[in-house]
Structures are given as C-alpha cells and as structure tokens.
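The sequence and the structure are shown first, and the description follows.

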Amino acid sequence: MTQHFLISPAARTLSVRQVARMTDEEAFDIFRTIRFAANGGEPFCPHCGCPKIYQLNETPIRWKCADYRDCGKKFSVTSGTLFHSRKLPIRDYLAVIALFVNGVKGVAALHLSRDMNIHFKSAFVLLHKLREAMGAEVHGVDQLGGPDEPVEIDGTYIGGDVRAPNQEADKQQDWWKARKGKTEKNTVSIVVARERTGRAIPWAVPSERDAVEIIRAHVAPGTTIHADQGQHWNSLRRTHPMMRVNHQIEKRADNGANINQAESYYARLKRAEFGIYHRIAGHKNSKTQAYADEMAWRENRRRQANGTHWTAITTLALTLPKSIRWAGYWHPRVAV
Ligand SMILES: [Zn+2]
C-alpha cells in the first residue's frame, strides 16, 4: 500500500523547533527578504517606492525614505502589511505560522495562547489575520473550471442547533421538527464550488439559494457543474451544462455525476467546527466566512509540505495591506 502523503518525510520540511532556534537576525532576514522581494530583498520605501533610504539608529530596525521633498516617511519591515504595528518578536510570528499550518483542522486561539504564552486576545486576532491572508488567496481566483475541469457545488448549514430536551419523553414531534428545520435562526449556509482536481471557493450566505448567482459568476462558461437534486440549483442550467446526483439513491451516479470532492471539503470544515472551534456560525456571516476560507485553503494545499505552507502564509501576510477589520481590533474605536 502506498504511504499516505502526510506520513512521508516530504510532508515535513519545517518544524517549530527549527523556528524556535532561529536568531533574531535570521528571523528578521526572512521577513526582509519576503517583504522587499520586489527589490531583491533590499528595503525600499513602501510609501513612494523610492529605493533611496537609510537605516535609523533604532531597535527594532526602521528606515527612513530619503526623498525628503515628497515623502521622507519612516517605515519598518512590517509597515503597511498584515502585521502592521506588530507587538511580538518576528520569530514569534514565524512560530505562530508554523503552529497554525500544522493544525490541519485548524488551531484554537486558546491553544495558541498557551503554546506561545500570549494573551488569548492577541492569539485570536493574529489567527484571524492569518485567515484573512488565506481568504485573499482562496478568493483571488476569478473563475473556476473550464471545458475539461468539471466543478462540483454543494451547500451545508452551520449552527442553529437545537438543544435536546433532558427527558426522552419530552422529545416530541416539535423538537424533531425544530431540529430538522434548523435553517431558520442563527444558521449560516456555506456553499462551496470545487474543481474536481483543483481549487475550492466557499461562500457564507443566508441560504443556498443566495449562492446561485455567485456560482454562475464564478464558474467559467462551458464548465459542467455537478450538483445534488436541490431545486434551487435548477436555474444554473440556463448558463451551464449540469450533471445531477440523487443522494437518496447513490453517492455517484452511473454517468459519473457526483459531488464527493465538495463533500470532502465539508468533512474538514465540520471536523474543525466540532473538534476545534466549536462555534463558527452566528457572527453575521463574516467570521463564518473566515473559517470557511481557512478550510478551503488547507484543502486546496493538502498535498503540499508544511514548509511550503509556512512560506505561503508568511508571503501573503507580508504582501497584503494592513487589515481594516483586525488591526487594533481590541482597542476602542475613535468616532470620526
Ligand atoms: Zn518614500
């Protein structure tokens, strides 16, 4: 039997131990090389792009733009990135990313706060910034599919579970009904479109029906869409050829119609919900979207080594702009 990829040495190209042993200079050099990759790793002014800068006599290291007339601004290696106004040593960020990519079904903020001895609030925001980076990659794809690349779509409901009554005798029809119809309150639908051999994009929407036009826009013309018998998917026939599978009869139809890859995505998402995060619904969809994106990122890159994941997240974080949502999240907002 072939060895599972995750058990093979090829899956382990990075360890937290390795990161913990880095010197401050080594950690800084990793950030500098990635942050200023456009200039061969040499710092340039992120405000005006001017390569003429000089280093200030400060710790941690900062530079100043030499274009005094128009800019002259000061900046650090993380200025204007997702790690803008960072509080921790760079090595700690690299360690957090290593711990995070290793948790294939997610990493809880409390777990991270104990591993790193940082406050829960810091861990919570840091992980959400990393999810923002993952989401940028996942949603950076214009369209999925193509003539030879079928796309599977499906939806699932998250949250809104109805607590079972204590007494079995109380478990009357009403409770079963409430449980079945949990689509009503505090429930979010996560709809995914997934290429059979490639990428997945999830969307958190009030109900599956709300995703129909999103899917139409994100699946390339001429792509065959595989779906279950849900009636709301019917209108996609107007623009895309469709193959349907009836789950009451089979997982895979004789003509090859199936949505098993989309189901695999949900398997990971549901395990992350049950086992790690416990509650990912009911936050006006936006946090649900973040968790859905995280799991899509992990699913899309599941056959890559953890060192590749680590570099990818670090690069995304240092390439993306400062987070509008998460920068200063715990600070009182100043009214303007
Ligand atoms: Zn400048």
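Gln55 stands opposite Trp63 in strand 2. Strand 2 covers residues 63-65 and is joined to strand 1 by 3 bridges, the two strands running antiparallel. Helices (H or I, at least four residues) and strands (E, at least two) are DSSP runs, numbered from the N terminus, and two strands pair if DSSP finds at least two bridges between them. The open sheet to which these strands belong has 3 strands in the order 1-2-3, with antiparallel pairing. Its edge strands are strand 1 (53-55) and strand 3 (74-75), each of which pairs on one side only. Strands of a sheet pair through backbone hydrogen bonds, either parallel or antiparallel.

The loop between strand 1 and strand 2 contains Pro60. Thr59 and Pro60 are joined by a cis peptide bond, with omega about -10°.

## Basis of the description

The model is predicted: local features need pLDDT of at least 70, side-chain atom pairs count only at pLDDT 80 or more, and totals for chains, interfaces and linings use all residues. Residues are numbered from 1 along each chain as its sequence is written.

## Overall composition

The protein has 10 helices and 8 strands, and its C-alpha trace spans about 70 × 55 × 55 Å along the principal axes. Of its 336 residues, 31% count as buried. A residue is buried if 20 or more other C-beta atoms lie within 10 Å of its own, exposed if 12 or fewer, and partly exposed in between, with C-beta atoms placed from the backbone. Two residues are in contact if their C-beta atoms, placed from the backbone, lie within 7 Å. Among contacts with a separation of 6 or more, residues 24 or more positions apart account for 62%.

Domain 1 brings 10 residues to the contact and domain 2 brings 14 residues. On the side of domain 1 that touches domain 2 there are 4 nonpolar, 3 polar and 3 charged residues. Here Ala, Val, Leu, Ile, Met, Phe, Trp, Tyr, Cys and Pro count as nonpolar, Asp, Glu, Lys and Arg as charged, and the others, Gly among them, as polar.

A nonpolar core is a set of buried Ala, Val, Leu, Ile, Met, Phe, Trp, Tyr and Cys residues joined through C-beta atoms within 7 Å. The largest one has 63 residues, and those with the most contacts inside it are Ile97, Leu130, Ile153, Val192 and Ala193. Helix 3 (residues 90-102) gives the most to this core, with 9 residues. Both domain 1 and domain 2 give residues to the core, so it lies between them. Leaving aside residues up to four places away in sequence, the residues that Ala193 touches include Leu144, Val151, Ile153 and His218.

## A hairpin and a helix against it

Strand 5 (residues 188-195) and strand 6 run antiparallel and are joined by 6 bridges; they form a hairpin with 4 residues between them. The bridge partner of Ile190 in strand 6 is Ala204. In strand 6 (residues 200-205), 5 of the 6 residues are buried, so this strand is largely enclosed by the rest of the structure.

Ala292 lies in helix 9 (residues 286-300) and counts as buried, with 30 C-beta neighbours inside 10 Å. Not counting residues up to four places away in sequence, Ala292 touches Ile190, Pro202, Ala204 and Leu269. Ala292 and Val191 are 101 residues apart along the chain, and their C-alpha atoms are separated by 9.4 Å.

## Helix 10

The buried residues of helix 10 include His309, Trp310, Ile313 and Leu316. What covers the buried residues of this helix includes helix 2 (24-35), helix 3 and helix 5 (120-138).

## Exposed loop residues

Ser85 lies in the loop between strand 3 and helix 3, and its phi is near 45°, a positive value in a residue other than glycine. With 10 C-beta neighbours inside 10 Å, Ser85 counts as exposed. His278 is found in the loop between helix 8 (260-277) and helix 9; its phi is near 65°, also positive. Most residues other than glycine have a negative phi, and most peptide bonds are trans.

Definitions and conventions. Domain bounds come from an automatic or database domain assignment.
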